[in-house]
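Welcome, and thanks for stopping by. Please take a look at the structure below, and then we can walk through some of its details together.

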Amino acid sequence: MAGKIIVVGAGIGGLATAARLSSKGYDVEVFEKLPVCGGRNNIIEDRGFKFDTGPSFVLMPDFFEELFTYCNKDIKDYLDLKVLDPSYKIFYPDSDVLTVFKDSDKTKEELERIEKGAAKGFDGFIRETTRLYNITRPLLYKCFSKKTLFDVRYLPLLFKLNPLKSYWDIAKKFFKSEKLLYAFTFEAMFMGVSPFNAPGFYSIISYADHVQKIFHPMGGMYEIPKSLEKICLENGVKIHYNSPVSKINKINRKLSISTDTMITEADKVVVNADYSYTQESLLKRKLPDYKYSCSVYLIYLGLKKKLGPLAHHNLFFSSNLIKNLDEIFSLKNVPGDPSFYIHVPTVTDSSLAPEGKEILYLLIPVPNLDNPKEDFYSKEIYLRNIVFNKINKTLDINLEDLIEVEHRFYPKDFIGKYNIKFGATFGLAHNLMQSAFFRPVNFDNKFRNLYFVGASTQPGGGLPVVIAASRIVADLITL
Ligand SMILES: Cc1cc2nc3c(=O)[nH]c(=O)nc-3n(C[C@H](O)[C@H](O)[C@H](O)COP(=O)(O)OP(=O)(O)OC[C@H]3O[C@@H](n4cnc5c(N)ncnc54)[C@H](O)[C@@H]3O)c2cc1C
């Protein structure tokens with residue numbers, strides 16, 4: 001055996017790391033606080049409805065393929081990834097609708113209808129984001145310490161990435177209308193950051209949407225953690241559920257972790273639990289003055305019948321997006337006219353609901369719980385009504401009449417359920433000073449045999465990127 005490894009947390013980052021290391025012959029044990037795996041990529045099952053509670057977009061499938069190949073598995077034996085068409089629909093406040101298709105020529109016709117010359121702008125935008133993707137992709141598999149910042153080999157790359165330009169600046173070079181600027185920057189919100197503050201290289205998410213396309217795993221997003229759990233179990237990984245770790249201890253050259261019932265020693269420990277929580281609660285360390293992503297308010301509805309006009313992914317923009325972003329990130333108020341997202345996976349995958357019924361998952365970005373200026377809970381019903389009324393006005397659908405099952409998830413639930421600091425759904429903010437070199441590294445500076453993997457470490461959040469982090473950690477341990 002190559003050594004004993006403990007992984008704290010069975011989120012995507014923890015499972016992917018455990019799958020990789022067990023594939024290389026390490027003796028791996030996973031300790032997870034919850035009774036099930038997946039972390040934020042979770043599921044609620046109720047009366048025949050299967051709600052994926054977290055991620056809904058599978059982007060950059062090559063990152064998923066790399067993981068399965070690393071573990072000597074064929075992804076096709078584990079996941080049935082279906083490409084979506086249309087990719088998504090955007091509903092504007094003036095009732096205009098932009099449909100983004102798998103076929104970019106069809107998308108360009110839509111863009112041209114909204115802004116003369118936008119088809120050419122689209123080609124330019126794709127060229128620029130492809131260039132950024134080609135530079136960024138290999139960097140996503142590297143761990144950068146502050147020392148690397150002064151490494152002359154990386155300086156030309158830094159210039160090529162032009163990090164002082166924002167996501168918004170990149171889009172602004174190619175589109176003029178607010179409608180299209182929003183349509184080509186909303187993906188920043190997937191990282192929980194405003195497009196005005198997200199470094200331009202995050203526009204590789206737009207590249208992924210438009211060039212690599214958007215996928216759905218048949219059977220639902222929860223198939224992803226299930227498939228990784230399966231590889232772990234096939235490799236003999238021992239997974240302890242309902243086992244919150246309360247402390248990480250250093251004993252001579254080894255580390256141990258404590259739970260309510262046991263202390264377990266290992267050669268190395270990989271922590272997948274939220275980075276800030278880990279530093280404060282498991283290692284009893286003081287945190288630097290980090291900035292955090294926004295939170296989200298989630299409503300999961302099981303509907304009595306199918307709806308017509310929605311696609312698998314749907315975005316509804318606020319009539320004043322700048323004010324909306326200000327409310328979420330600066331003023332920290334409950335938004336008065338929110339942008340929101342609707343996931344209707346049953347458009348693609350009927351296995352997720354009883355026959356003839358529909359799932360609707362509403363995601364509304366709201367401030368995190370780091371010094372909020374307003375009590376979210378006293379305004380919850382107000383916010384829910386605004387969103388329901390907007391859907392009614394835009395689509396002529398009265399959701400209240402159709403609800404068979406309803407679940408809600410609040411900012412505070414990200415703390416209570418997953419130990420995410422300040423309920424910041426996407427972890428540490430993805431601003432320039434917390435990206436690449438400046439994001440927490442994947443190894444500990446004090447304990448030689450302690451590692452970190454997850455959305456708040458390098459390279460960042462989102463499923464493919466967390467999967468890349470698991471490769472970084474596996475390389476640090478095995479190479
Ligand atoms: C609503 C929502 C929508 C999203 N949409 C997308 C999307 O469309 N596409 C995309 O790619 N990404 C999306 N994301 C982001 C993506 O889900 C995350 O980046 C990713 O799942 C984070 O995985 P992780 O392994 O870093 O952390 P987590 O999922 O948080 O896993 C950490 C695990 O550690 C466990 N843990 C915590 N404390 C302890 C302890 N003391 N002891 C033991 N275990 C502990 C937790 O219970 C959890 O299981 C979304 C996230 C959310 C919440």
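In which loop is the place of Asn242? Asn242 sits in the loop between strand S9 (238–240) and strand S10 (247–251). Helices (H or I, at least four residues) and strands (E, at least two) are DSSP runs, numbered from the N terminus. The phi of Asn242 is near 50°, a positive value in a residue other than glycine.

Asn242 has 12 other C-beta atoms within 10 Å, so this residue is exposed. A residue counts as buried if 20 or more other C-beta atoms lie within 10 Å of its own, exposed if 12 or fewer, and partly exposed in between, with C-beta atoms placed from the backbone.

## About the model

This is a predicted model, in which local features need pLDDT of at least 70, side-chain atom pairs count only at pLDDT 80 or more, and totals for chains, interfaces and linings use all residues. Residues are numbered from 1 along each chain as its sequence is written.

Lys332 is not a glycine, yet it has a positive phi of about 60°. Look for Lys332 in the loop between helix H11 (321–331) and strand S16 (340–343). Lys332 is partly exposed, with 19 other C-beta atoms within 10 Å.

There are cis peptide bonds to find as well. One runs from Asp85 to Pro86, with omega near 5°, and Pro86 is in the loop between strand S5 (81–83) and strand S6 (88–91). Another joins Gln458 and Pro459, with omega about -5°; Pro459 is in the loop between strand S19 (450–452) and helix H15.

## Helix H14 and its buried face

Which residues of helix H14 (residues 411–418) are buried? They are Pro411, Phe414 and Tyr418. Seen down the axis of H14, these buried residues fall within an arc of 65°, so they line one face of the helix. The arc is that of the directions from the helix axis to the C-beta atoms.

The buried residues of H14 pack against strand S14 (295–303) and strand S17 (358–366). Just after H14 comes Asn419, with a positive phi of about 65°.

Helix H3 (residues 104–114) and helix H4 (residues 118–139) pack with their axes 7 Å apart, at an angle of about 125°. Axes are lines fitted to C-alpha atoms, for helices over the stretch in contact, and angles run from 0 to 180 degrees between N-to-C directions. H3 and H4 are therefore oblique to each other; angles under 35 degrees count as roughly parallel, over 145 as roughly antiparallel, 65 to 115 as roughly perpendicular and the rest as oblique.

On the H3 side, Lys108, Leu111, Glu112 and Ile114 meet Ala118, Ala119 and Phe122 of H4. Two residues are in contact if their C-beta atoms, placed from the backbone, lie within 7 Å.

Ile44 is found in strand S3 (residues 43–46). Ile44 is partly exposed, with 15 other C-beta atoms within 10 Å.

Which residues does Ile44 contact, leaving aside its neighbours within four places in sequence? The partners are Phe51, Thr53, Tyr300 and His407. Ile44 and Tyr300 are 256 residues apart along the chain, and their C-alpha atoms are separated by 9.1 Å.
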